[in-house]
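Please look at the sequence and the model below before reading on.

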Amino acid sequence: MLAVVSVLLQIYKISYPFGIIDIDIVGVPWIISAFLFGLSGGIITSVVAAIGIAVFAPTGPVGALMKFLATIIMVLAVGFIAKRAKFSKKGIVLAFVACVVLRPIIMTFFNYFIGAPLFYNMSTEIALQQFPPEIFIIPNVLLAIIDFWLAYVLVFSTKLRARLDDLS
């Protein structure tokens, strides 16, 4: 269900353009899944949503690949760090810091070597000349903050996690 929500958010393009990258909440359901069901749940949701985005969304397979690469980093951080720390304050903070540091670094690399060549049909060398790094870094920092904390609030402020724990 969370994968379907993600695909619908991508199809209906609920986003804010920020340079050449859109600020959206497509990754929030993936991170919610990692908070609720751990690493395996987050990965399954991410893979299913990426396939749905590749098939149904206007961005097609390239957009799905880039969204997957950007958000799986965060799913892994939540699954490996926050979940293992039993969602303690320290674990949440460490997972958040990992998301804010790793996503922009990794996605800047992928945007130069995958995104620009596939979306704009330009070589990496030209992309490196035409796009300063901050054009990729800033939106990815913002997306990491928005995706992480929106998912956190939806899971823990609504007591969704506690209700799920009560069922198991």
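Helices (H or I, at least four residues) and strands (E, at least two) are DSSP runs, numbered from the N terminus. Tyr112, to which the text returns at the end, lies in helix α4. The model is a predicted one, in which local features need pLDDT of at least 70 and side-chain atom pairs count only at pLDDT 80 or more, while totals for chains, interfaces and linings use all residues. Residues are numbered from 1 along each chain as its sequence is written, and side-chain values use heavy atoms, with hydrogens and water left out.

Consider the helices α4 (residues 89-119) and α6 (residues 134-157), whose axes lie 8 Å apart and which pack at an angle of about 145°. Here axes are lines fitted to C-alpha atoms, for helices over the stretch in contact, and angles run from 0 to 180 degrees between N-to-C directions. Contact means heavy atoms within 4.5 Å. Among the residues of α4 that meet α6 are Phe96, Met107 and Tyr112, and the residues of α6 that they and others of α4 meet include Phe136, Phe148 and Tyr152. By class, this contact of α4 with α6 has 17 nonpolar, three polar and two charged residues. For this count, Ala, Val, Leu, Ile, Met, Phe, Trp, Tyr, Cys and Pro are nonpolar, Asp, Glu, Lys and Arg are charged, and the others, Gly among them, are polar.

The structure also holds 17 aromatic pairs. Rings of Phe, Tyr and Trp (its six-membered ring) pair if their centres lie within 6.5 Å; planes under 30 degrees apart count as stacked, over 60 as edge-to-face and the rest as tilted. Phe96 and Phe148 form a tilted pair, with 5.3 Å from centre to centre and 55° between the planes. This pair links distant parts of the chain, since Phe96 in α4 and Phe148 in α6 are 52 residues apart. Phe96 is buried, with a relative accessible area of 18%, and Phe148 is buried, with 0%. Buried means under 20% relative accessible area, exposed over 50%, and partly exposed in between (1.4 Å probe, protein chains only).

Which residues does Tyr112 contact, leaving aside its neighbours within four places in sequence? They are Pro117, Thr124, Ala127, Leu128, Phe131, Pro132, Pro133 and Phe136. Tyr112 counts as buried, at 6% relative accessibility. Tyr112 and Leu128 are 16 residues apart in sequence and 6.6 Å apart in space, C-alpha to C-alpha.
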